[in-house]
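Student: Could you take me through one part of this model closely? I would like to see how two pieces of a chain pack together.

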Amino acid sequence: MAIVSDGMGFSAADLGAIWLTLRLASATTLLLLVAGTPVAWWLATTRSRWKAPVSAIVAMPLVLPPTVLGFYLLLAMGPHGPVGQLTQALGLGTLPFTFWGLVAGSVIYSMPFVVQPIQNAIESIGRRPLEVAATLRASPWDAFWTVALPLARPGFITAAILGFAHTVGEFGLVLMIGGNIPDVTRVVSVQIYDHVEALEYASAHWLAGAMVAFSFLTLLALYTLNPPWRGRK
Amino acid sequence: MSATPEIRARFKLDYPGFALDVDLALPGRGVTAIFGHSGSGKTTLLRCVAGLERAAGQLHVNGETWQDGNGFVAPHRRSLGYVFQEASLFAHLSVGKNLEYGMQRVRPTDRKVSVDHVLELLGIGGLMARKAEGLSGGERQRVAIARALLTSPRLLLMDEPLAALDLPRKQEILPYLERLHDELDIPVLYVSHAPDEVARLADHLVVLDAGRAVATGPIIETLARLDLPIRLGEDAGVVLEGVIAERDKHWHLARVNCGGTNFWVRDDDHAVGHRARIRILARDVSIARSQSADSSILNILPGKIIEISDEPHPAQMLVKLEIGVSPVLARVTRRSAEALDLEPGNQVYAQIKAVALIA
């Protein structure tokens, strides 16, 4: 869309923010599916007494104000924080106010939205199909890919959609650890905030309207697509 | 002893409120029924054999060691088939893909069981493209059995495969299980709490009670033991094996010769020479001192009392007879036993009201 000075349509800065947001949400979702699945698996199958504390920690972002989370992440990832010391030692510099810093924050922020649907799906499958697979000569790894994953697919789809959508919708955390750097950390929600601050209501409308449409379509997809066989049990 | 194929299983497992402690030497061929009431540890024993449950102990199956003090072979490395009690087909796969799942994971050189034979044996050739969901309970269980067989297991474990089915579905599957027994040389451990299934299918019997094996032996000898009927209650009775010796077309009866003793049964269209198994329940056998000539009972046979024992209810006694070489149990009242003055060694007549041809 063309650059329009009167606030109609999306400006170059708006498009940059949209592109950045999509990249951030995609990276976060992919990382979360990889990192969240073992966590969900463990939570779904363990009888350990650590299950409750770990569940509580995973769920914390649901209730904490994003600013609180962002504040601690900023400290941890800063030059004097433990994560910051580590990333500096590895020659990566510090994460705050960078794209990957935002990804790291988003992974933690959206964790419950990915872990919980996967955990529920694995719990509802139960141990039996995996035992059956074992008696049919499938190693645990084999059974994970050929039995658990396909059976838990609705849970993974839900997790991916929710993780993506929730990352797109974050604001407070981004502001705390990402600031407002065009094309690096200025995501759509921050861009809208900037428009409103500058009294560019028309521009704000375009982006805000796009977010409303996106959210609706995402949730619509979730409720339509979702689980082809879950409801029929 | 070591030359004959066999299964040696020694397991010790302690759960809160339940302990399994067995030491079994089972034949390496034929069907061994593991019988007991619910909670006796049958399923746990089977899961230990499969390696799904980790008990302390040892397990040797026809020359292979699956578990001993030094090692534990993971379930997926054991050449076994497992048929679970409830339908366990993978919901995301078609019947055909379910059947292939295990077979594909077995080296082609180790695939001894023919696909066509198994499909024909279990009557599921027409179901291949269907989804597991769309099958009836009986069909699902047949597919599950076929899926286990197609891995060409050295041992087939069946955990009450009929328990979740209603009577017509049971009747539908039982003949398939019998053919399995007759046509495939795969040893089977068959868990059941249904005496009729055990009587019909088993060659060997293990009776479990509270996690311990209270009896183990060939089915004919074991069912004729007087100390077990207590656990079997109304289902106490013997199983005998013989052949169909004659068919009486006029009265629709067949004569079964069991080691020289003849029993007349309903003719179920089995050819002369067909191997037959009959079951005689203790409650269907009464005892007379003389051969009555005007009875409606078809099978009245002379025999000798071997042993008499008490039953849980004081009104009843259990009498073990020997008719020719066949053991038969009779349940009589204590009053009748005293009135007839029954003693071990007496020659009497067994009046057998019902003989069921079960296979």
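Tutor: Here is a look at one helix pair, with its chain as the setting. Keep in mind that the model is predicted.

Start with chain B as a whole. Chain B has nine helices and 20 strands. Its C-alpha atoms fill a box of roughly 65 × 50 × 40 Å along the principal axes. Now take contacts in chain B between residues at least 6 apart in sequence: 67% of them join residues at least 24 apart.

Next, the pair itself. Helix 2 of chain B covers residues 95-104, and helix 4 of chain B covers residues 137-149. Their axes lie 7 Å apart, and the packing angle is about 30°. Angles under 35 degrees count as roughly parallel, so helix 2 of chain B is roughly parallel to helix 4 of chain B. The crossing of these two helices is right-handed.

Which residues meet? Helix 2 of chain B brings B:V95, B:N98, B:L99, B:Y101 and B:G102. Helix 4 of chain B brings B:V143, B:A146, B:R147 and B:A148. By class, this contact has six nonpolar, two polar and one charged residues.

Finally, chain B also has a neighbour. In that pairing, 18 residues of chain B are in contact with 14 residues of chain A. On the chain A side, helix 6 of chain A gives the most, with six residues. That side has nine nonpolar, two polar and three charged residues.

Conventions: Residues numbered from 1 in each chain as written. Chains lettered and ligands numbered in written order. Predicted model: local features only at pLDDT ≥ 70, side-chain atom pairs only at ≥ 80, totals over all residues. Helix = DSSP H or I, 4+ residues; strand = E, 2+ residues; numbered from the N terminus. Contact = placed C-beta atoms within 7 Å. Nonpolar A, V, L, I, M, F, W, Y, C, P; charged D, E, K, R; others polar. Axes fitted to C-alpha atoms, helices over the stretch in contact; angles between N-to-C directions. Parallel < 35°, antiparallel > 145°, perpendicular 65-115°, else oblique. Left-handed = near helix turned anticlockwise from the far one by under 90°.
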